[in-house]
Amino acid sequence: MSGCQVTEPGLRCVLPFEAEPAEVLLLRRATVAQLARWGVSSAAEEAELLVTELVTNVIKHVGEGAPATLILEWRYERLRVEVHDKSRVLPAPVRARCDEECGRGLHLLAALAADWGTVLTAVGKSVWCEIAAQPAAVCRRAERARLALEWYREGHPAMAAEGRSKSVLLEESAVELIADLLHWTAAQGQDPDDVLDRAQVHYEAEVAAAA
């Protein structure tokens, strides 16, 4: 599995992978980690199940070793999970007996997802599904911070060095912004360490409430 490529507007993660059984666990972990970054961990359990099913279908029906791509995209109150592969054979639900494991994949998608579908692409197909991902306070704060950091970075052209990803640039902007805020706090006669401690308490309380 290649590293996650986070693209505009910052809530879309692209994960190329090869259809191997060992990749399933790695993709599940990557999904959970990415949702935590976006503040929508409440959707992690369902997302893990859907990622497992979609990736396993590629392994079974397209073939081990086939190149594919997992895309995660948070769209307001829904999380979209897509898997792209190079086969143009669209999956179809089949009736499975109680003692059969195969044939249940699309039924599981239909049961868990708010919506799902398949699309032929220029190089193969995409199977996608969407699940509800209500934006908690943590998520709203994360989005607000992202917008603030983008504004902050735009005011500092030196941060826009070429050859670095947007996520790296935003991380550097976050460090610089926090440092500026601490300087401002000290200039106001307050204790920067005390402000950091209070911010940490607020952060931990909201993360715990959203879990």
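Leaving aside neighbours within four places in sequence, V195 is in contact with T185 and Q190, where contact means heavy atoms within 4.5 Å. V195 has its place in helix α6, residues 192–210, and helices here are DSSP runs of H or I with at least four residues, while strands are runs of E with at least two, both numbered from the N terminus. V195 and T185 are 10 residues apart in sequence, and their C-alpha atoms are 7.9 Å apart in space. V195 counts as partly exposed because its relative accessibility is 24%; buried means under 20% relative accessible area, exposed means over 50%, and partly exposed lies in between, with a 1.4 Å probe and protein chains only.

The model described here is predicted, so that local features need a pLDDT of at least 70 and side-chain atom pairs count only at pLDDT 80 or more, whereas totals for chains, interfaces and linings use all residues. Residues are numbered from 1 along each chain as its sequence is written, and side-chain values use heavy atoms, with hydrogens and water left out.

## Overall plan

The protein contains six helices and six strands, and reading along the sequence gives the pattern β-β-α-α-β-β-α-β-β-α-α-α. Of its 211 residues, 33% are buried. Among contacts between residues at least 6 apart in sequence, 59% join residues at least 24 apart.

## Two packed helices

Two packed helices are described by the angle between their axes and the distance between the axes. The axes of helix α1 (residues 21–38) and helix α2 (residues 44–61) come within 9 Å and cross at roughly 150 degrees; these axes are lines fitted to C-alpha atoms over the stretch in contact, and angles run from 0 to 180 degrees between N-to-C directions. The two helices α1 and α2 are therefore roughly antiparallel to each other, a description used for angles over 145 degrees, while angles under 35 count as roughly parallel, 65 to 115 as roughly perpendicular and the rest as oblique. On the α1 side the contact is made by P21, V24, L27, R28, T31, V32 and L35, and on the α2 side by A44, A47, E48, V51, T52, V55, T56 and I59. These residues divide into 10 nonpolar, three polar and two charged, where Ala, Val, Leu, Ile, Met, Phe, Trp, Tyr, Cys and Pro count as nonpolar, Asp, Glu, Lys and Arg as charged, and the others, Gly among them, as polar.

## The nonpolar core

In soluble globular proteins, nonpolar side chains tend to be buried together. The largest nonpolar core has 34 residues, and those with the most contacts inside it are L35, W38, V55, L70, L79 and V81; such a core is a set of buried Ala, Val, Leu, Ile, Met, Phe, Trp, Tyr and Cys residues joined through side-chain atoms within 4.5 Å. Strand β2 (12–18), α1, α2, β3, β4 (78–85) and β6 (125–132) each supply at least two residues of this core, and its largest share, eight residues, comes from α2. Not counting residues up to four places away in sequence, V55 touches F17, V24, L27 and V83.

| Residue | Relative accessibility |
|---|---|
| L70 | 0%, buried |
| C13 | 1%, buried |
| E73 | 14%, buried |

L70 is found in strand β3, and C13 in strand β2. Although L70 and C13 are 57 residues apart in sequence, their C-alpha atoms are separated by 8.2 Å. With residues up to four places away in sequence left out, the residues that L70 touches include C13, V14, L15, F17 and L27.
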